[in-house]
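User: Hey, I've got a structure to go through and I'm new to this. Can you walk me through it?
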Amino acid sequence: MLKKAIFEGRTMKEKLLNFVIALLGFLPLAIWSCHYINFDLWYDEVYSLEHFTLTDFKTTLFYYPAPNNHIFFNLTSQLISRVIGMRDIFVIADHVYIFRLFQLLITLLTAYFSMRIVKRYFNCNSSILIFVVLFTTIPLLNFSLQLRGYNMSSLFLVMLIYFSWNYIENKKRLSGIVVLISSFLLLYTIPSNVYFLATFWIVIFIFWVYYYKRKQGVLAKKFRNILMFIAAGSLLSMALYLPIIDDVIFNKFSNREAQGAFYSFKILFEVIPAFLTKRYLLLPFMALGLFVLYKTTDTKEKLYFVSLITLFFIPFILSFLHQKAPFSRVFITLAPVFGILTTILIAKFIDAQVHFKYTRIIQIVITVYCVFIFVNESERNHFIIAENLVEKGKVDQGLYRNYYLGNFYAQDSTMKYLKSVYRGDPVFKLNQLDQPSTDMYLNKYQIPFTTVDSIGNITSQLIAQRPVYILTTFRKNTLDDLEKLSGITFEVLTNDYTFTNIIRVIQTPVR
């Protein structure tokens with residue numbers, strides 16, 4: 001009885017510690033969601049909603065003027081908007097949290113399948129660390145609530161991995177069907193996902209050849225079936241792309257020539273540090289974990305690990321061979337794969353510890369460390385984004401920092417304030433960075449405006465004692481231009497660090 005009581009006590013303690021570690025792991029996502037769940041819409045989100053979601057189904061499916069149309073994602077958004085009865089962009093702008101909650105669900109599913117991969121296929125007792133690793137990866141969070149198809153792409157890639165391996169181990173028909181569907185949706189969400197789908201197909205093909213030549217017919221047949229499922233999903237996607245295939249392949253963005261032969265590897269060396277998110281103290285644990293994995297795991301686990309490594313790196317090689325210039329955000333789909341690899345290595349090292357006490361101490365230290373780095377980097381990014389734009393005229397839009405996630409990006413409240421001081425006077429947009437969101441929020445508050453390309457176009461509209469309002473992203477340059485003019489006075493109505501600056505200009509009366 002005493003032994004049983006001790007065992008049950010230890011089990012309860014383990015469960016409590018697991019809960020605490022998981023809770024800490026989810027804390028960054030909770031913080032992020034509270035801040036961004038109803039955050040203002042930005043350029044691509046507004047453009048996608050107006051041109052591909054709040055339209056008819058034919059437009060969503062068969063209109064492809066630019067890669068902004070992440071077709072399956074926009075189709076999903078259209079269905080949500082119809083179900084809840086929100087078919088007006090201004091109404092959605094006030095209730096954007098509904099659409100971002102759906103993205104949050106996608107993020108949670110991605111984390112779930114990532115955890116299942118680590119736990120089931122690598123036998124990691126410390127698989128619970130996947131949550132803190134994923135949710136302190138800033139690029140992943142940057143896209144976690146965004147109304148675009150990148151987050152969805154990560155989910156379909158992780159599902160493709162999980163259910164392919166599940167089919168190979170259990171040969172369940174349902175897993176094969178999910179592989180087909182995941183392949184189809186991965187490609188149909190964003191065409192550039194072909195890099196990842198092709199890489200995974202190559203990995204499976206190599207396994208098939210290996211087992212076929214070793215005359216292991218049962219395994220070879222399973223890998224052959226996976227190849228067929230992926231091919232079927234890809235063909236189905238291509239069939240739906242067929243009416244717009246020229247626009248998909250030859251648009252000005254997907255057809256951009258690479259800026260130098262090794263452009264894709266330059267992107268690779270941007271992606272890895274961004275995914276690492278300055279959690280440099282994880283590297284020694286990863287190195288030790290690699291040694292443990294090499295020494296202690298069986299062949300199957302090693303092959304799975306090599307598969308993930310291949311899946312992470314080969315897309316950049318395919319991009320290099322393609323010699324086009326994809327945006328770095330194309331590769332955000334790989335963020336969960338990086339997180340899975342990181343967690344496997346750390347977990348292998350931790351699980352190798354003999355004493356339960358040391359295992360738990362290392363788990364907690366790593367969790368607290370990752371959360372600390374996340375909080376520090378998130379706050380630092382807000383400052384850098386604002387400083388870069390206001391002081392240096394530099395626009396951040398990449399994997400690690402994005403202007404539309406900065407605290408200074410407050411389009412709705414800025415236009416609402418303009419409405420409060422607006423008395424029917426002329427409003428001009430000059431050097432405004434995010435045109436779609438600015439236009440949408442101005443229209444929301446029924447403020448007429450004119451877009452101009454120089455100060456001269458504005459000053460020619462000045463009438464004595466009647467103000468005009470200038471909206472500009474690049475505050476410093478605009479103020480420098482106004483300083484050069486005589487016969488006017490001007491006042492900045494917004495804070496020093498604001499994305500859309502409101503400048504009131506009045507002509508000085510002639511005496």
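Analyst: Helices (H or I, at least four residues) are DSSP runs, numbered from the N terminus. This is a predicted model, where local features need pLDDT of at least 70, side-chain atom pairs count only at pLDDT 80 or more, and totals for chains, interfaces and linings use all residues. Residues are numbered from 1 along each chain as its sequence is written, and side-chain values use heavy atoms, with hydrogens and water left out.

User: Ok! At what angle do the axes of α2 and α20 cross?
Analyst: Roughly 65°, and the axes come within 7 Å; α2 covers residues 43–53 and α20 covers residues 435–444. That makes α2 roughly perpendicular to α20 (the word covers 65 to 115 degrees).

User: Which residues of α2 and α20 meet?
Analyst: From α2 you have Tyr43, Val46 and Glu50, and from α20 there are Gln435, Pro436, Ser437 and Met440. Contact here means heavy atoms within 4.5 Å.

User: Switching topic: how many salt bridges are there in the whole structure?
Analyst: A search finds 13. A salt bridge is a side-chain nitrogen of Lys or Arg within 4 Å of a carboxyl oxygen of Asp or Glu. One joins the side chains of Lys444 and Asp94, at 2.5 Å from N to O.

User: Where do Lys444 and Asp94 lie?
Analyst: Lys444 is in α20 and Asp94 is in helix α5 (residues 89–94), so the pair ties together parts that are 350 residues apart in sequence.

User: What about α15 and α17, how do their axes cross?
Analyst: At roughly 75°, coming within 7 Å; α15 is residues 282–296 and α17 is residues 335–351. That makes α15 roughly perpendicular to α17. Among the residues in contact are Phe285 and Leu293 of α15, plus Ile346 and Phe349 of α17.

User: And how far apart are the axes of α16 and α17?
Analyst: They are 9 Å apart, and helix α16 (residues 299–322) packs on α17 at about 145°. The contact includes Phe305 and Phe312 of α16 and Val337 and Leu341 of α17.

User: Last one: which residues form the nonpolar patch on the surface?
Analyst: Leu16, Phe19, Val20 and Leu23, with about 400 Å² of accessible area together. That area comes from the Shrake-Rupley method with a 1.4 Å probe, and for residues only the protein chains shown count as cover. Patch residues have over 30% relative accessible area and no salt bridge; like charges are joined within 9 Å, and nonpolar side chains (Val, Leu, Ile, Met, Phe, Trp, Tyr) within 5 Å. Phe19 lies in helix α1 (residues 2–36).

Notes:
Helices (H or I, at least four residues) and strands (E, at least two) are DSSP runs, numbered from the N terminus. Axes are lines fitted to C-alpha atoms, for helices over the stretch in contact, and angles run from 0 to 180 degrees between N-to-C directions. Angles under 35 degrees count as roughly parallel, over 145 as roughly antiparallel, 65 to 115 as roughly perpendicular and the rest as oblique.
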